Amino acid sequence: MALADELRNPIHPAARAVYPHGTGQRRIPPMTDMLTALAAPFDPDIISWRVGSTTQAKDKGMALGYIDARDVMERLDTVVGAANWQDRYEFHGPRTLCYLSIRVDGEWVTKADGAGDSDVESEKGAISDALKRAAVKWGIGRYLYDLASPWVEIEGAGRSYRIKASERQKLVAAARAGASVANRIAAERATDGLSAAADHAIAQMSRCKTPDEFKAFWEPNKDGLKAALPELEWRRVLKAKDVDVARLTAAKTETPFDQKEAA
């Protein structure tokens, strides 16, 4: 496999849907792109909120953000396609285990987690919660664990409490801020990965002992590197390339080189 294929630039996660279905046969994205797309933040407007801890007066509560099982299914359908994921459940007393599998390079890869009975429709709620927990293992909604939990006004709802409708904009703002942080972290990780990719290419060039060996590495990879790397990283690779070309040409000149690759 060419180095360029290994260094495919990961997409920047977006709060909206990624990898739209389009038409024709669906292609499963490369592993790095797939994991990035699965972990992309959700649209802040679809984040649901429930009441956690409350004040003694029961007039305010801590808002906890979450997604429901349908959001998980939609994300899986969007990123890998409905035919490329499956879920299986086991029941051990009050605990439900979900085995969530995704087809990767023709092989099924499984991650599992479990949940106990919930307060609403215990078995159905446990299945949904187990699916969401297993999905977190794939990165889906994981950023929600770091989401701010603002104190909001609440009101009675039967034997429980609910968040007042007047607090909706505060919660959307909190979800939007959480998505922004998650996107920034993902972008930093992508940049770090591309810097490492440039370092890897530079190290490969420095190991070449002859012009022919260098050419065998450079020719099939230069276009992919240029496309994948940010301009500064690409220029860093070019500078190292010129140094190695000069080194090898000085030692042996049978193979000519163009020392100035177009930026």
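Predicted model: local features only at pLDDT ≥ 70, side-chain atom pairs only at ≥ 80, totals over all residues.

Modeller: Residues are numbered from 1 along each chain as its sequence is written, and side-chain values use heavy atoms, with hydrogens and water left out.

Biologist: How are α2 and α3 oriented to each other, roughly parallel or roughly antiparallel?

Modeller: Helices here are DSSP runs of H or I with at least four residues, strands are runs of E with at least two, and both are numbered from the N terminus. Axes are lines fitted to C-alpha atoms, for helices over the stretch in contact, and angles run from 0 to 180 degrees between N-to-C directions. The axes of α2 (residues 31-38) and α3 (residues 69-80) come within 10 Å and cross at roughly 155 degrees. Angles under 35 degrees count as roughly parallel, over 145 as roughly antiparallel, 65 to 115 as roughly perpendicular and the rest as oblique, and α2 and α3 are therefore roughly antiparallel.

Biologist: Of the residues in the contact of α2 with α3, how many are charged?

Modeller: Contact means heavy atoms within 4.5 Å; α2 contributes Met34, Ala37 and Leu38, and α3 contributes Arg75, Leu76, Val79 and Val80. Ala, Val, Leu, Ile, Met, Phe, Trp, Tyr, Cys and Pro count as nonpolar, Asp, Glu, Lys and Arg as charged, and the others, Gly among them, as polar. The division is six nonpolar, no polar and, as charged, one.

Biologist: Which helix holds the partner of Asp113, Lys137?

Modeller: A salt bridge is a side-chain nitrogen of Lys or Arg within 4 Å of a carboxyl oxygen of Asp or Glu, and Asp113 and Lys137 meet at 3.9 Å, N to O. Asp113 lies in strand β5 (residues 107-116), so the pair ties together parts 24 residues apart in sequence, with Lys137 in helix α4 (residues 122-137).

Biologist: Is Lys222 buried or exposed?

Modeller: Lys222 forms a salt bridge with Glu219 (3.3 Å, N to O), and both lie in helix α6 (residues 211-228), three residues apart. Buried means under 20% relative accessible area, exposed over 50% and partly exposed in between, with a 1.4 Å probe and protein chains only. Glu219, at 38%, is partly exposed. With a relative accessible area of 16%, Lys222 is buried.

Biologist: How many salt bridges does the count come to?

Modeller: Asp68 and Arg70 form one of them, at 3.4 Å, N to O. Salt bridges that share partners also join Asp199, Glu233 and Arg236 into one network. The count of salt bridges comes to 13.
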